[in-house]
Amino acid sequence: MQQEQAMEILKMGHNVYLTGQPGSGKTFLLNKYIDFLKDNEVEVGVTASTGIAATHLNGITIHSWSGIGVNEELTEREFRKILKKKFLRKRIRKAKVLIIDEISMLSAKQLDTIDELIRSFKSNHFEPFGGMQVVLSGDFFQLPPVGKEVEFATRAAVWDQLNLKICYLTEQWRQSDDRYLKILNDIRSDSVDTETKKILKSRYKSEVEGDLNPTNLYTHNVDVDQENEEKLAEINNKPRYFSMKSEGTKPLVNTLKKGCLAPSELALKEEAPVMFTKNNFDKGYVNGTLGEVVGFEESKPVVRLQSGKSVTVKRKKWRVEQRGKTKAEISQYPLRLAWAITVHKSQGMSLSAAKIDLSRSFEPGMGYVALSRVRSLDGIKLMGLNETALKINPEVLDFNQEFKRKSKQVKKEMKEMPDEKIDQQQESFLSSVKEKRDYSVEKIREEHVNAYKEWSKLDEKSLIKYYEEGKRVKDMARLLGRTEEEVEEHLEELD
């Protein structure tokens, strides 16, 4: 299925599971749909199972958004405690669409717990997720949920209840090397044979194309930290230090920092290899593009890309947005040292070259994730390989075939549906979820009168009163004569 077809299905309001191989454009399409919803004033919960994935969408983790935290399940006491949080209740009740990216790393128990919480918050126990449109995205060939004997999200009770339209994207935007695509497809179909291994082993300790040092992909954090620190120390040039800046509520700022691949304290030197951690198509780099620091211009790093082009790098922002407003924001130069990175953190990246050591792979899918980060076979320098690296969980193979079958069926149904009916469903859905506001003269006059009365107040009594009246944070800030950030900070303290 192509992105345009999947977008039409999303706009119809169906619950959707968006999947496809790495490089098929899942995140790009999600961001496009999120922009569409926001442009039409639709409240959308933008989340992912990991902080890193959430930053690609300007969202937060589903654990934070829903209130479950790190829990797999909740005791009755914990459940009741979460339901008492007014700020959480208002956020969830207002949301009409929920997006969860990297669903492969969310367990079945967590998905069912989130569903149960949302049904309770929305006082709708009969519909999955309280009747919201739910968009799940990800690829189960990627890394699985953390923990022993943890079931995939597909085994959640609510998975079948959602009646998901499967949109399996088939376009490939990252790899164009046919030999390399064959290797990835062989791993993905569990048909790795002698010929597949022969092609892959031809890259054993081979030099990569271009003149840049490839990034080392390791399976363990300790190897990454040690190599980056040692290599930077070996360069005799003067170091430059860049600190991350932040604004907004502390809990959300901390969440952003944990999910951001650019470090809080970035140390750079001329000649140091670096990796970009954010997309900027106009400047010629994406998340994972490699380069080398060649100087500093007015304290800004200057990076030479593999193409030979030099880019003066500017600070970029990562933010959490809710109700169309920024709740927290961090800014840093979108760079990190590129001698090494873990396979887990590389998920979602597009690398031009990588030095990959899979000799200590410890779970199925790890080798596939590492290899699928790189654009071509010539960009790989393979340092080691074990049997686990090329294995795929048999369960994933089974339901992947089912996803493909169901996606073809959805595509057929859309082709047979008249354009008028598609347009009608899309208009009907948008009308049902679009926020309705009261712009009457009486309403505006009433709010201005109240603003004078409450101008200098920002206490618990006022906040609770406005909450009970169902006012938005934006309106509460205006009535109290404070910023939205101040109001939200107090709301979170009251929770």
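Modeller: Let us begin with a salt bridge: the side chains of glutamate 329 and arginine 319 form one, with an N to O distance of 3.2 Å. Please bear in mind that the model is predicted.

Colleague: What makes the contact of glutamate 329 and arginine 319 a salt bridge?

Modeller: The term requires a side-chain nitrogen of Lys or Arg within 4 Å of a carboxyl oxygen of Asp or Glu. Here the N to O distance is 3.2 Å, so the contact of glutamate 329 and arginine 319 meets that limit. The pair links distant parts of the chain, with glutamate 329 in strand β16 and arginine 319 in strand β15, 10 residues apart.

Colleague: Which residues make up the network of salt bridges that includes Glu329?

Modeller: The network links Lys317, Arg319 and Glu329. Glutamate 329 also meets lysine 317 in a salt bridge, at 3.7 Å from N to O. In this pair, glutamate 329 belongs to strand β16 (residues 325-332) and lysine 317 to strand β15 (residues 316-322), 12 residues apart.

Colleague: How do you know whether glutamate 329 is buried or exposed?

Modeller: Buried means under 20% relative accessible area. Glutamate 329 has 14% relative accessibility, so glutamate 329 counts as buried. Lysine 317, at 43%, counts as partly exposed, and arginine 319, at 23%, is likewise partly exposed.

Colleague: Why is the pair of aspartate 378 and arginine 179 said to tie together parts of the chain?

Modeller: Aspartate 378 forms a salt bridge with arginine 179, the closest N and O atoms being 3.7 Å apart. Aspartate 378 lies in the loop between α14 and β20 (380-385), whereas arginine 179 lies in helix α9 (residues 178-188), so the pair ties together parts that are 199 residues apart in sequence. Aspartate 378 is partly exposed, at 33%, and arginine 179 is partly exposed, at 43%.

Colleague: Let us turn to the aromatic rings. Why is the pair of tyrosine 33 and phenylalanine 36 called stacked, and how many aromatic pairs are there?

Modeller: The count comes to 14 aromatic pairs. The rings of tyrosine 33 and phenylalanine 36 have centres 6.0 Å apart and planes at 15°, so the pair is stacked. The limits are 6.5 Å between centres for a pair and under 30 degrees between planes for stacking. Both residues lie in helix α2 (residues 26-39), three residues apart, about one turn of the helix.

Colleague: What makes the pair of phenylalanine 141 and tyrosine 368 tilted?

Modeller: Their ring centres are 6.0 Å apart, with 55° between the planes. Phenylalanine 141 is buried, at 2%, and tyrosine 368 counts as buried, at 1%.

Colleague: Where does aspartate 139 lie, and how do you know whether this residue is buried or exposed?

Modeller: Aspartate 139 lies in the loop between β5 (133-137) and α8 (157-161). Its relative accessible area is 2%, and aspartate 139 is therefore buried, since the cut-off is 20%.

Colleague: What makes the approach of aspartate 139 to arginine 188 a polar contact?

Modeller: The side chains of aspartate 139 and arginine 188 make this contact at 3.0 Å, and the limit for such N or O atoms is 3.5 Å. Leaving aside its neighbours within four places in sequence, aspartate 139 is in contact with several residues, including Tyr17, Lys26, Ser104, Arg188 and Tyr368.

Colleague: Why is helix α19 described as largely enclosed?

Modeller: Six of the eight residues of helix α19 (residues 473-480) are buried, so the helix is largely enclosed by the rest of the structure. The buried residues are Val473, Asp475, Met476, Ala477, Leu479 and Leu480.

Colleague: Finally, which residues of the largest nonpolar core touch the most other members?

Modeller: Of the 83 residues in that core, they are Ile103, Leu111, Phe129, Trp159 and Ile356. Helix α7 (residues 108-121) contributes the largest share of this core, six residues. A second, separate core of 30 residues includes Met12, Val16, Met417 and Val433.

Note on methods
Residues are numbered from 1 along each chain as its sequence is written. This is a predicted model: local features need pLDDT of at least 70, side-chain atom pairs count only at pLDDT 80 or more; totals for chains, interfaces and linings use all residues. Side-chain values use heavy atoms; hydrogens and water are left out. Helices (H or I, at least four residues) and strands (E, at least two) are DSSP runs, numbered from the N terminus. Buried means under 20% relative accessible area, exposed over 50%, partly exposed in between (1.4 Å probe, protein chains only). A polar contact is a pair of N or O atoms within 3.5 Å; within protein, one must be able to donate a hydrogen and the other to accept it, and residues adjacent in sequence count only if both atoms are side-chain atoms. Contact means heavy atoms within 4.5 Å. Rings of Phe, Tyr and Trp (its six-membered ring) pair if their centres lie within 6.5 Å; planes under 30 degrees apart count as stacked, over 60 as edge-to-face and the rest as tilted. A nonpolar core is a set of buried Ala, Val, Leu, Ile, Met, Phe, Trp, Tyr and Cys residues joined through side-chain atoms within 4.5 Å.
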